[in-house]
Amino acid sequence: MAAEIVNPRSDSGTEGAPEEPFDPAFALHRGGKMAIQATVPVRNKDDLSLAYTPGVAKVCTAIAEQPELVHDYTWKSQVVAVVTDGTAVLGLGDIGPEASLPVMEGKAILFKQFGGVDAVPIALATTDADEIVETVVRLAPSFGGVNLEDISAPRCFEIERKLQERLDIPVFHDDQHGTAIVTLAALRNAAKLTGRTLGDLRAVISGAGAAGVAIAKFLLEAGIGDVCVADRKGVVSSDREDLTDVKREIAGLTNKAGLSGSLETALAGADVFIGVSGGTVPEAAVATMAKDAFVFAMANPNPEVHPDVAHKYAAVVATGRSDYPNQINNVLAFPGIFAGALQVRASRITEGMKIAAADAIAGVVGDALAADCVIPSPFDDRVAPAVAAAVAAAARAEGVARR
């Protein structure tokens, strides 16, 4: 039997038709979740002459003569473009640009709610990497930053790299770096809780897509002892002949232990499991992990290791779900990262800025550190300001701040 799309309201149906069930998700989304609001009044001809012609001409002329004034006299330094092609939307996959818009709107309201940053959803009707790059480059004069969202791997790596090369504003693929930043924050606190450092840990990552690759690189940058990545065919190792360019690079950077074979084999003696792939890891494999291991099973809605199973063997358990403790949620990172970067008009987001963000998130936990609290709640209002301040300071220290 085919699935039915339920209309949240019955007032648009045919007269006499049976009333359809109310669905709060559809009710909330009707008409969209956001709107543009003026910040100045236009109540009379004097207001109109200042907000539009002739007053606006003075500002336009000043910006033409001194382009940097655009940051002071337009919204540019306060707004981010949330860009997608709809090819990797949540767990739904390639559903297209129109179907991605509810998610992009959601992302935009999270920017505003948690970071005070305005954001505009932009869903593009192309999946060609070069076309996406050219389109975003042409849109860039209107924005202070670009958040790439839900673009499938491996194209997402190329698109981000090319945009970073061509633009002088922050470009950030949240599926990669947001996930990596929050994972590092939780991992730092889990290590602290168990009397270890990042350098003491060997991690196994399930998933060699955007998030898995970014997490592996970021943990190495932060100083983890060792990390290996596994895809559907097993450990991504240099002896495999079926690797993409991205996976070949990862094979060269990771796996100091020289592991090969299956994910389950790699887990034996591992200190950390990080799941960003879906699927199920057998309990028997989890049982072979080291004492006081960490299990970060982040697939939604079904974690790779169910928390009830993970708690039998792990000292710290985290998921991507809001109904369990220690939710690894990107909303802890991206609003504050962009708020800090925009505050100092950063030309890009550096590795140092990302590490500063992770450290700031971890630091918010403070004295509340416990096995069920290695990461703050997404609703902790201390997070975004702490991240913004840390990112701004790191941008200045690394020479990418312009004010």
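**Sheet, helices and exposed sites**

Helix α8 (residues 174-193) lies across β3 (145-148) and β4, at about 75° to β4. Contact here means heavy atoms within 4.5 Å. Axes are lines fitted to C-alpha atoms, for helices over the stretch in contact, and angles between N-to-C directions run from 0 to 180 degrees. The model is predicted: local features need pLDDT of at least 70, side-chain atom pairs count only at pLDDT 80 or more, and totals for chains, interfaces and linings use all residues. Residues are numbered from 1 along each chain as its sequence is written, and side-chain values use heavy atoms, without hydrogens and water.

**Sheet**
- The open sheet has 4 strands in the order β2-β1-β3-β4, with parallel pairing.
- Its edge strands, β2 (118-123) and β4 (171-173), each pair on one side only.
- Neighbouring strands are turned by 20° against each other on average, direction ignored.
- Strand β1 (residues 79-84) runs parallel to β2 and is joined to it by 6 bridges; pairing takes at least two DSSP bridges.
- T84 has A123 in β2 as its bridge partner.
- Helices (H or I, at least four residues) and strands (E, at least two) are DSSP runs, numbered from the N terminus.

- Helix α14 (residues 334-343) lies across β1, β3 and β4, at about 160° to β3.

**Exposed residues**
- Y52 lies in the loop between α2 (45-51) and α3 (55-65).
- Y52 has a relative accessible area of 57%, so it is exposed (buried is under 20%, exposed over 50%, partly exposed in between; 1.4 Å probe, protein chains only).
- A397, in helix α16 (residues 383-397), is exposed at 69% relative accessible area.
- A397 and M353 are 44 residues apart in sequence and 9.4 Å apart in space, C-alpha to C-alpha.
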